[in-house]
Amino acid sequence: MLAIFENPRLRGGIHAEEHKAETSDQPIALNLPLPNKLYIPVQQHVGKPAEPVVKVGDKVLKGQLLAYSQGTISAPIHAPSSGTVIDVMECPAPHPSALPIRTIIIETDGLDQWRSTIIPDDPFALNAEEICLRVGAAGVVGMGGAVFPSAVKLNLGRTNKIHTLVINAGECEPYLTCDDLLMQERATHIVSGIRLMLRGMHAPKAMVGIEDNKPQAFQSMQDACRDFPEIEVKQVPTRYPMGWDRQMLRYLTGWEIPADGRATDIGVVIHNVATAYAVYRAVCLGQPLISRVVTIAGGAVAKPQNVEVLIGTMLSEVLTFCEVDKTKIARLIMGGPMMGDALPLTDVPVVKACSGILALSAADIEEPEVQPCIRCSSCITACPVGLLPLEMASRIRVNKLDEAVQLGLKDCINCGSCSYVCPSNIPLVHYFKYASGELFKRQQMEHKSEQTKRLINDRNDRMERIRLENEAEARRVMEARAERARKDAEQIAQGVQP
Amino acid sequence: MSVKPISGPHVGAGQRVDWIMRRVIIALMPASILNIILFGWPTLYLGLVTIASAMLFEAWCLKLKGVKALPFLRDGSAVLTGLLVAMSLPPWAPWWIGVVGSAIAIILGKQVYGGLGQNLFNPAMLARVALLISFPIEMTTWVNVTPLFTGPGILESFGILASGVPATDSLTGATTLGAIKTGFSLNQTVPQILTDYSGFLALIGWERGSLGETSSLLLLLGGFWLLRQGIIQWHIPASLLLTLTILATIFHGYDPDHYLSAWVHLNSGAIMLVAFFIATDYVTSPNTPLGQIVFGAGCGILIFVIRSWGGYPEGTGFAILLMNAFTPLIDHYIRPRIYGRYRNGKPIDISQP
């Protein structure tokens, strides 16, 4: 009886208006004009920012290393086209805050000339370490939005005895079709990438999960996998957030990752389908990650389509290419409409994480007024994690963040299903993000005050030690002096007596 | 373009509070209209007075609170509360019963807790129980079925609205459950009491009772429509009706002379109204599916207990209020399992599948 509430393979979720048909039947546009200037931020991944190796005035070729990865979790950055480095400076980041980020600016020379590369004769003969090395050197990161360096994940996989590689091709966000198109057009390359990943981790089998609203992509992936029985392509229901890696894993296998663990703990590694394609390019063609397929859609876009965009291209140029009416843009979003970030300006570059640019018109979005919670529990039904969004939000509203944490705030994945269904239009996710930020700040403050306390204690200890040492020294001097005085006195006494 | 930082999601389902309330009101309409046909103009007037006074009390409270009343009045919750209060009253009750009921429901039942979404008890049931205890005569005078155009006229009905049913026995009688209680006190058995009981008439609503008690069929259909619209979930109605049916069947099988059959239980009193419209009230029922099943079962048990062994013929109002009080407790103990954790919140064991 409890089991039907406990562990269905698919929990929660919503079905939003898809808006995918506008772009899913058009080929990926490859004719975006080469921009005059490319703006390449040094941080496009989770971890430490890359450190530039080029100087202002340097000539670079397409694919040449611009900045090398620092530390274990980081990724290098490469030149998307040939030209001259004209500046390394702080530019607005593609982030809601538009805070400045260190950016390498290249003036392109129009030749788009590749650096010389050595392509392996048979990439599938390379050993596992070699594959991981090449993936890491090509700056491949998770293309689904998490932008975690892929080589780190592959290495983790090799050391952790992986039995299943899950390829996440859910693409559950409305509007986005970049993975769909990639699978429709480049399935064989994706499959090569998957096989390389398997080899790089010594893993025996892979599973690809594709939402059933992409029948063409499913068909072409199945055709491409026909000769490779180790790769299984499966259809999964269309239900946001199917593309949440853990939801995909649970639906495909029934396994669940422990709350404080990683997928590797249960012998699984999950990669995005576009990452598999980037791995193919990196290993088989020797091309680093310098471009990606981006969906441009929304009510303000006259020609919605998928475009292969060089990393570093300004959003405004891509928007012009797709004939966007800038006066109609009510909200500009990088990513999907559920989890994407609203950007305050169009003069920011496309980065590795950018799966879509949505120029939504006023009709696409709604900014209704917030009403009181009527405890309808729609948010609980929609939550894929099994949280109580309404209870968490009511705690956060009165600043009881610890109680919200007890209710599971840290398990929240910010998928937005709760806000989406809320009839009172309560910005639940906004509450959770705020609370997480506050908790982080608090943790930082605690860390800082602990550091300060430690320093003060250290100083006090040091002063005490110095004081004790001085006292001991003073005592020793006194004793020595007294000894000398005593001896002198004895000598005098002896001198006098005889 | 927006410069205000806005978190995703940037799209919404477009479901609104007023949309939900309107759906519930629509679902109650067939039963309400049938009642107006069965009991004539006084019923219509009483309903209008009750709803209007509910809206007035709501506006007054919001004004005291210092907020703009109009956006809240437009959400339809006051209209729905007024309608539900009206449906729990005898059809020919005097106007002031409706007004007092609305006052109790809106002021004591809802606004003193902080308004929409904050109340512990279902406002309409609170009003019904308070009226039943305070005004037992007015609240238990049940007029016979007097279809529209056969009873008092449009103007004459204002007289009934002003002072209630004329005290003549020929016009009034007992509800089925009332008759049972009275019969038992005269040492009669169930078959003796229910000699002229027709299950079919009870189903379609051709019987004495308040607006929400007569037509089980139309209320059931309204409830099914709400289920289909996704406004309510099946858990509470199903567990409530099932629990009551099982208990009634067991006891009726054991002693048919002193316990009503499941059919009579389900068709008399406000069972359908309570199961689909009152117990499913979002604010006062638990949040999780399992919690809702427990809540529904609790309501079913209490209704059966009060009807069979309690002092009042009908127990739905009391049962709902008692279970409403349990709701925070149920919500505290029954929570959904979080992904990657056991029910107690500990992370699940790492086991190689």
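## A look at chain B

Let us start with one residue: B:Gln192 sits in helix H10 of chain B, which covers residues 190-193. Keep in mind as you explore that this is a predicted model. Is B:Gln192 buried or exposed? B:Gln192 is exposed, because 11 other C-beta atoms lie within 10 Å, and a residue counts as exposed at 12 or fewer.

Now step back to the whole chain. Chain B has two domains, domain 1 (15-173) and domain 2 (174-331). Their C-alpha centres lie 21 Å apart. Where the two meet, 35 residues of domain 1 of chain B are in contact with 33 residues of domain 2 of chain B. On the domain 1 side, helices H1 (17-39), H4 (77-87) and H6 (123-134) of chain B each supply at least two residues. H1(B) gives the most to this side, with eleven residues.

Chain B also meets a partner: 38 of its residues are in contact with 55 residues of chain A. On the chain B side of this contact, H1 and helix H16 (289-309) of chain B each supply at least two residues.

Here are the residue classes for the two sides:

| Side | Nonpolar | Polar | Charged |
|---|---|---|---|
| Domain 1 of chain B, touching domain 2 of chain B | 23 residues | ten residues | two residues |

Key:
Residues numbered from 1 in each chain as written. Chains lettered and ligands numbered in written order. Predicted model: local features only at pLDDT ≥ 70, side-chain atom pairs only at ≥ 80, totals over all residues. Domains from an automatic or database assignment. Contact = placed C-beta atoms within 7 Å. Helix = DSSP H or I, 4+ residues; strand = E, 2+ residues; numbered from the N terminus. Nonpolar A, V, L, I, M, F, W, Y, C, P; charged D, E, K, R; others polar. Buried ≥ 20, exposed ≤ 12 C-beta atoms within 10 Å, placed from the backbone.
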